[in-house]
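Here is a friendly walk through a protein model, with an eye on its charged side chains. Have the structure open and follow along.

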Amino acid sequence: MKKLVIELCCVIVLAACGNGKEQNTVEEDSTAKALLQGVWIDDETELPLMRIEGDTIYYADPQNIPVSFKIIRDTIYVYGSNTVTYKIDRQTEYSFWFHSLADEIVKLHKSESPEDALAFENREVEVIPTTEVVKKDSVVMYKGTRYRGYVYINPSKMKVVRSSYSEGGISVDNVYYDNVIHICVYEGRRMLYGKDITKKMFAGIFPEETLNQMILADMNFMGVDNEGYRYQATLRVPESSVYSLADITIGFDNRTEIKKAE
């Protein structure tokens, strides 16, 4: 399997590739779908790429989520996090060529070896871990008082689906575990504030389609001022350099204000 290219531009490209109008007006080609049943091998690498059963595509990479599909006229519609379309260049009982999102022709041939099906035996999608438990603490002084801020980054079982595509331009969805970050502020041994921060708290701060594919990756205690305790959160698209920052202010009345970092 080719290395995945996973920058935010992939998300934008994939979101733009859907076209649902034709699907609702033209009947699906059941004959073409029947021809696709089975295991398909990449002509270039001679490795299994996908297995098609019914209306579902299973990928050889266990980290890729199975997706449903339809064939309408000369186009295959794939329904993952985004609806993606590929123009079919050639289809026979034993060959399948289509144009990828990178405008490359992906050439596949149907497997005739039962052993190739072993690449798809594990039907449970592997969730990709994003971090281990991390503990951070910082000490700041404000008006002669010493404050200590703690951050605990804890992996959770909350899943984030992130769209990406291969170098050849094939859309795939991967699943990652999000984090819950516990923050607290102490004055000496006295805890002044403690709260769990989750990604849901940033709804409305960032576009929904962007936030859905991000994880809550990091948190830093920035200090104390006359408005309260200040933290900065990092939300990141997994396995990429794409991230956004948000400022969190906890007032002395324990009210929380979150806004996009300037």
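## Salt bridges and overall form

Glu227 is partly exposed, with a relative accessible area of 46%. Which residue does the side chain of Glu227 meet in a salt bridge? The partner is Arg230, and the N to O distance is 2.7 Å. Please keep in mind that this is a predicted model.

Arg230 has another partner to look at. Asp225 also forms a salt bridge with Arg230, and here the closest N and O atoms are 2.4 Å apart. Together, Asp225, Glu227 and Arg230 are linked in a network of salt bridges.

Now turn to another pair. Asp137 and Arg148 bring their side chains together in a salt bridge, at 2.8 Å from N to O. This pair links distant parts of the chain: Asp137 lies in strand 10 (residues 134-142), while Arg148 lies in strand 11 (residues 145-166), and the two are 11 residues apart. Asp137 is partly exposed, at 37% relative accessible area, and Arg148 is partly exposed too, at 28%.

| Asp137 | Arg148 | 2.8 Å |

Let us step back to the whole protein. There are 4 helices and 17 strands. The radius of gyration is 24 Å, well over the 18 Å that the globule rule gives for 262 residues, so the protein is more spread out than a compact globule. Along its principal axes, the C-alpha trace spans about 80 × 40 × 25 Å.

Of the 262 residues, 42% count as buried. The protein exposes about 13800 Å², with carbon and sulfur atoms supplying 47% of that area. Among contacts between residues at least 6 apart in sequence, 52% join residues at least 24 apart.

Finally, a word on confidence. The mean pLDDT of the protein is 86, and 90% of its residues reach 70 or more. Over residues 1-21, however, pLDDT stays under 50, and for this stretch the model has 49 contacts beyond four places in sequence.

Key: Residues numbered from 1 in each chain as written. Heavy atoms only, no water. Salt bridge = Lys/Arg side-chain N within 4 Å of Asp/Glu carboxyl O. Buried < 20%, exposed > 50% of the residue type's maximum accessible area, 1.4 Å probe, protein only. pLDDT = per-residue confidence, 0-100. Contact = heavy atoms within 4.5 Å. Rg over C-alpha atoms; globule rule 2.2 N^0.38 Å. Areas by Shrake-Rupley, 256 points an atom, 1.4 Å probe, with all protein chains shown as cover.
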